[in-house]
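Here is a short briefing on helix packing and aromatic pairs. Please keep the sequence and the model in view while reading.

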Amino acid sequence: MTTHKAAELISLALTVPTVIFGVMVVVIWGKSILKRFSAEDRTATDWLILGIVISFIGSGLDNIYWGITWGSDFLGLESSSAWFRNGVYANIPFRQTAGIVAALCHLRGAVSWSSKGGGCGAVTKIIRGAWILCGVTMVTLYLLL
């Protein structure tokens, strides 16, 4: 077995506990955060925990998709090329969108936690700047096609 094949085997095996432990986090903390978000007052901790739950949901689904993809490649299945080719469709909701929403929850928590001290305007400016860069990147890459 080559070093690369051994690394694939280890990665595939580690996908199992990664998904299981992530589901445990979502189940344990998800119930709690759903109850908290039905209340009117949301604390910085509530936003942080919501971000963690969203992150683990996205990460778990991403790990399942890529576990299937790499598993099919590891086993030499013909379907592996289709899994790799379509991976971008899984990345958008599971990796990028979940990551963005989770980060925004964490930032919301940080802003509400530190709002007494001020200085949160920089966070808002950076968030806006990131969205502008996203748009510029998209337009630039589209024009380069």
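**Aromatic pairs and helix packing**

Phe37 and Trp47 are both buried (under 20% relative accessible area; exposed is over 50%, partly exposed in between, with a 1.4 Å probe and protein chains only). The model is predicted: local features need pLDDT of at least 70, side-chain atom pairs count only at pLDDT 80 or more, and totals for chains, interfaces and linings use all residues. Residues are numbered from 1 along each chain as its sequence is written, and side-chain values use heavy atoms, with hydrogens and water left out.

**Aromatic pairs**

- A pair of aromatic rings is described by the distance of the centres and the angle of the planes.
- The structure holds five aromatic pairs. Rings of Phe, Tyr and Trp (its six-membered ring) pair if their centres lie within 6.5 Å; planes under 30 degrees apart count as stacked, over 60 as edge-to-face and the rest as tilted.
- Phe37 and Trp47 form an edge-to-face pair, because their ring centres are 5.0 Å apart and their planes stand at 90°.
- Phe37 sits in helix α1 (residues 3-37) and Trp47 in helix α2 (residues 44-74), so this pair ties together parts 10 residues apart in sequence. Helices (H or I, at least four residues) are DSSP runs, numbered from the N terminus.
- Trp66 and Phe84 make a tilted pair, with 6.1 Å centre to centre and 50° between the planes.
- That pair links distant parts of the chain: Trp66 belongs to helix α2 and Phe84 to helix α3 (residues 80-85), 18 residues apart.
- Trp66 is buried at a relative accessible area of 17%, whereas Phe84 is partly exposed at 30%.
- Ring pairs join Tyr65, Trp66, Trp70, Trp83 and Phe84 into a cluster.

**Helices α1 and α2**

- Two packed helices are described by the angle between their axes and the distance between the axes.
- The axes of α1 and α2 come within 7 Å and cross at roughly 150°. Axes are lines fitted to C-alpha atoms, for helices over the stretch in contact, and angles run from 0 to 180 degrees between N-to-C directions.
- α1 is therefore roughly antiparallel to α2. Angles over 145 degrees count as roughly antiparallel, under 35 as roughly parallel, 65 to 115 as roughly perpendicular and the rest as oblique.
- α1 and α2 cross in a left-handed way: the near helix is turned anticlockwise from the far one by less than a right angle, while clockwise would be right-handed.
- Their contact has 18 nonpolar, eight polar and five charged residues. Ala, Val, Leu, Ile, Met, Phe, Trp, Tyr, Cys and Pro count as nonpolar, Asp, Glu, Lys and Arg as charged, and the others, Gly among them, as polar.
- Val16 is also found in α1. Val16 is partly exposed, at 49% relative accessibility.
- Val16 and Thr3 are 13 residues apart in sequence and 21 Å apart in space, C-alpha to C-alpha.

**Helices α2 and α4**

- The axes of α2 and α4 come within 8 Å and cross at roughly 165°.
- That angle makes α2 roughly antiparallel to α4.
- The crossing of α2 with α4 is left-handed.
- By class, 16 nonpolar, nine polar and three charged residues make up the contact of α2 with α4.
- Arg95 is placed in helix α4 and is partly exposed, with 41% relative accessibility.
- Arg95 touches Asp62, Trp66 and Ala90, not counting residues up to four places away in sequence. Contact means heavy atoms within 4.5 Å.
- Arg95 and Asp62 are 33 residues apart in sequence, yet 6.4 Å apart in space, C-alpha to C-alpha.

**Helices α4 and α5**

- Helix α4 (residues 87-114) packs with helix α5 (residues 121-143) at about 165°, with the axes 11 Å apart.
- α4 and α5 are therefore roughly antiparallel to each other, and their crossing is left-handed.
- Ile100, Leu104, Leu107 and Val111 of α4 meet Val123, Ile127 and Trp131 of α5 in the contact.
- By class, this contact of α4 with α5 has seven nonpolar, no polar and no charged residues.
- Gly121 lies in α5 and is partly exposed, with a relative accessible area of 43%.
- Gly121 and Val111 are 10 residues apart in sequence and 9.1 Å apart in space, C-alpha to C-alpha.

Note on methods:
Helices (H or I, at least four residues) and strands (E, at least two) are DSSP runs, numbered from the N terminus.
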